[in-house]
Amino acid sequence: MKFYQLSAKLYKHGLVLLLALGLWACDGSSPNNNQGSENTNPDANAETQTGDSTDMAGAEMRPEVITDIIQSIPSPLEVSYLIKEIGTSYHRDALNNSESVDQYTNNYKMALNLGIYSTDLGYANIYDKNQDALNYLNAVKKLADGLRIGEFFDYSTIRKLMQNNGNLDSLLQQTTSNFEKINNELNRQKREYLSILILTGGWLEANYLTTLVYKESKNEKLKEKIGEQKIVLDKILQVLKVYRSKQNFSGFIADMEELKRAYDNVTINIKVGQPKMELIGNEIVMTDTNETVVTITDQDVDKIASLVQSIRDKLIK
């Protein structure tokens, strides 16, 4: 299945998950349609388009707003499919060791590594590495239990769907259902800050894998994906800063802000196109023809890759 076909399929369902086979659901929106505004000025940059919303640090944010932001963040599963689509080898050694799961004993580390393991799980599953995927599924389940959200994790159903790669729709529906239950439970428990940690762990791992593969492939699509993460990072920081008084958050936010600075030279512009109307079957479908143009140098990628790895290495210790 071509990557763009898969993406369209995921977008159709409007539910792309963050945790590759785990817990999160997103709306599958790509950065270019998350902008909130369109810009035809080729000299404008993403900062102008999105605004530096991280200035909202310390501001109160309603849970439903936080949930909306979280759900607007694209899935790292996209990147995993893209990595496989361009024909790169499976990088088992690059993943976090599933046997390290027992060393994560506080909520902060458990939540972040739940996200990391979930991305590794999705990555292994896409490459049909069943034993690795099973090991990561077990690690995810163990951390979910440790965070007291394991009861909302349908292990047996996900395992069955995971072993049937042709049943992606059902897998996505199942994981979406899991996410909704978990997110609601974390909100009920007043522990919704764990959601953004899980999300960020998954995002960092996906970004880490992308930069790693880009170094060996020099694939331009991957390079563009790395640049697009500037917008995602801004969204993540918006939510992280709401919880800056929580234990471990201030240092983590400082690391993420340093990563944000590494994106300063990256620009993202949108060339606005005319909507295209076409007849598909018996339905008239309107197609968005806007084009996103990401400008990012290899030096930018090197700087971003180094910081992502540094942050990620701290988290998996």
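The questions and answers below walk through a predicted model of one protein.

Visitor: How many helices and strands does the secondary structure of the protein come to?
Guide: In this predicted model, the protein has 317 residues, of which 56% count as buried. Among the contacts with a separation of 6 or more, 75% are between residues 24 or more positions apart. The secondary structure comes to 12 helices and 4 strands.

Visitor: How many nonpolar, polar and charged residues does the contact of helix 11 with helix 12 have?
Guide: Helix 11 passes helix 12 in a left-handed crossing. On the side of helix 11 the contact involves Phe252, Asp255, Met256, Glu258, Leu259 and Ala262, and these meet Lys303, Ile304, Leu307, Val308, Ile311, Lys314 and Leu315 of helix 12. Sorted by class, the contact of helix 11 with helix 12 has 9 nonpolar, no polar and 4 charged residues.

Visitor: Is helix 9 roughly antiparallel or oblique to helix 12?
Guide: Helix 9 and helix 12 pack with their axes 9 Å apart and at an angle of about 135 degrees. Since roughly antiparallel requires an angle over 145 degrees, and roughly perpendicular covers 65 to 115 degrees, helix 9 is, in relation to helix 12, oblique.

Visitor: How do the residues of the contact of helix 9 with helix 12 divide into nonpolar, polar and charged, and which residues make the contact?
Guide: The crossing of helix 9 past helix 12 is left-handed. Helix 9 contributes Leu204, Glu205, Asn207, Tyr208, Thr211, Tyr214 and Lys215, while helix 12 contributes Asp298, Val301, Ala305, Val308, Gln309, Ile311, Arg312 and Leu315. By class, the residues of the contact of helix 9 with helix 12 divide into 8 nonpolar, 3 polar and 4 charged.

Visitor: Which backbone oxygen does the side chain of threonine 211 reach?
Guide: Threonine 211 lies in helix 9, residues 193–217, and with a relative accessible area of 3% it is buried, because buried means under 20%. Leaving aside neighbours within four places in sequence, threonine 211 is in contact with Ile226 and Ala305. Its side chain reaches, at 2.9 Å, the backbone oxygen of tyrosine 208.

Visitor: How far apart in space are isoleucine 149 and lysine 181, C-alpha to C-alpha?
Guide: Isoleucine 149 has its place in the loop between helix 6 and helix 7, and at 1% relative accessibility it counts as buried. Beyond residues up to four places away in sequence, isoleucine 149 touches Ala144, Ile182, Leu186, Arg191 and Ile198. Isoleucine 149 and lysine 181 are 32 residues apart in sequence, and the C-alpha to C-alpha distance is 9.1 Å.

Visitor: Is arginine 148 buried or exposed?
Guide: Arginine 148 is found in the loop between helix 6 and helix 7, residues 155–162. Its phi is near 65 degrees, a positive value in a residue other than glycine. Its relative accessibility is 52%, and because exposed means over 50%, arginine 148 counts as exposed.

Visitor: What is the phi of aspartate 128?
Guide: Aspartate 128 lies in the loop between helix 5 (107–126) and helix 6 (130–146). With a relative accessible area of 41%, aspartate 128 is partly exposed. Although this residue is not a glycine, its phi is positive, at about 60 degrees.

Technical notes:
Residues numbered from 1 in each chain as written. Predicted model: local features only at pLDDT ≥ 70, side-chain atom pairs only at ≥ 80, totals over all residues. Heavy atoms only, no water. Helix = DSSP H or I, 4+ residues; strand = E, 2+ residues; numbered from the N terminus. Buried < 20%, exposed > 50% of the residue type's maximum accessible area, 1.4 Å probe, protein only. Left-handed = near helix turned anticlockwise from the far one by under 90°. Contact = heavy atoms within 4.5 Å. Nonpolar A, V, L, I, M, F, W, Y, C, P; charged D, E, K, R; others polar. Polar contact = N/O pair within 3.5 Å; in protein donor to acceptor, adjacent residues only side chain to side chain. Axes fitted to C-alpha atoms, helices over the stretch in contact; angles between N-to-C directions. Parallel < 35°, antiparallel > 145°, perpendicular 65-115°, else oblique.
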